[in-house]
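User: Please take me through some of the side-chain and helix contacts in this model, giving the cut-offs behind each term.

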Amino acid sequence: MADAGPWLAAQARHVHMLAEAAREVGRLEASLNALSLPEAEGARQRLALVEVEAMLWAQGLVLKREEIGRDLLNARAGSDPEAMRLARWAVRRLEGQGSLTNLPAFLGLHHREASGPPSSNIALRLQGHAFDAAAGAFISAVEGWKELHPLARGPALLAVWRMAELSPAGNVVEPAVWSARHMAVGAEALHFVPLGQPGRRIWTGHGPAEDRLAAHLAALSAGAQEARAVIMRVSDWAGRAMAATAWIKGDNAAKVVEALTARPLLSAMEAETMAGISRPTAERMLNRLTDLGLVREVTGHRRFRLWTISA
């Protein structure tokens, strides 16, 4: 496996960038901790969709976050089923499913369930004992790099993952998801550390350790800032929505607004359950919010419609 020496030397030279990245990630986690439990869960779901969209683009797969969210709610879009399968797997892993130390289970190799990576990749990756040996060597390398800060390990571990051939050639998403989860180990509110759009050139990067680490740390800072901006936009929207619906009698509008902040996409059925109101009332309130320009319907269907905030 790769020598940790160049990465440790690069970390020493970029200690100020590492401190800046750690500060931004800390601010992001503080923003999540300040939210209510439903709001924090909604924020993590939104960030996961943003992250997977960026990862897929880095792999050359164009799927918008709303398409991925619709698929997760069984409101299927007419997208590449194999790409959507990978997206579904990635979102669930970023939400916390799967042990980082059990790579076969993490990658869904024991049971080819609907949440696993694309089936077309099965024949292209290492099999059986060869995979187990590569996975063991990778985990050993991770455990042996304790001197490298968790936030600085990202590009190094991506390089080691590729060297171990744990994923088929060209697969960007699998190692990127594992790395994002690994960087968040020990965090309370974060299930993964987001890079967002700045991560697209990091996940596929090559070159000297010093250059790659500098680019990675810069992307970490930018990604955390972007993620925090997502949270702030939803919070600002909620304030505007509450003010815009204050004239509506009762508290049903406020309950639906709260439900919308807790879900990237919301159906009338979920609004009914979360707000504790009837289905007709939920649909009527969602339509009112649409007329006010506060939400938009994303499916274009007459049945099983989904709404999202217009932030």
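User: What is the relative accessible area of Glu272, and is the residue buried or exposed, or in between?

Analyst: The model is a predicted one, in which local features need pLDDT of at least 70 and side-chain atom pairs count only at pLDDT 80 or more, while totals for chains, interfaces and linings use all residues. Residues are numbered from 1 along each chain as its sequence is written, and side-chain values use heavy atoms, with hydrogens and water left out. On a scale where buried means under 20% relative accessible area, exposed over 50% and partly exposed in between (1.4 Å probe, protein chains only), Glu272 is partly exposed, at 25%.

User: With which residue does Glu272 form a salt bridge?

Analyst: A salt bridge here requires a side-chain nitrogen of Lys or Arg within 4 Å of a carboxyl oxygen of Asp or Glu. The closest N and O atoms of the pair are 2.7 Å apart, and the partner is itself partly exposed, at 34% relative accessibility. The residue bridged to Glu272 is Arg279.

User: At roughly what angle do the axes of H12 and H13 cross?

Analyst: Helices are DSSP runs of H or I with at least four residues, and strands are E runs of at least two, both numbered from the N terminus. Axes are lines fitted to C-alpha atoms, for helices over the stretch in contact, with angles running from 0 to 180 degrees between N-to-C directions. The axes of H12 (residues 268-275) and H13 (residues 279-291) come within 8 Å, and they cross at roughly 110°.

User: How many residues of the contact of H12 with H13 are charged?

Analyst: With contact taken as heavy atoms within 4.5 Å, Ala268, Met269, Ala271 and Glu272 in H12 meet Arg279, Ala282, Glu283 and Leu286 in H13. Ala, Val, Leu, Ile, Met, Phe, Trp, Tyr, Cys and Pro count as nonpolar, Asp, Glu, Lys and Arg as charged, and the others, Gly among them, as polar. By that division five residues are nonpolar, none is polar, and the charged ones number three.

User: Which residue meets Glu66 in a salt bridge?

Analyst: The N to O distance in this bridge is 2.4 Å. The pair links distant parts of the chain, 230 residues apart, with Glu66 in helix H4 (residues 65-72) and its partner in strand S2 (residues 295-297). Glu66 is partly exposed at 24% relative accessibility, and the residue that meets Glu66 is Arg296.
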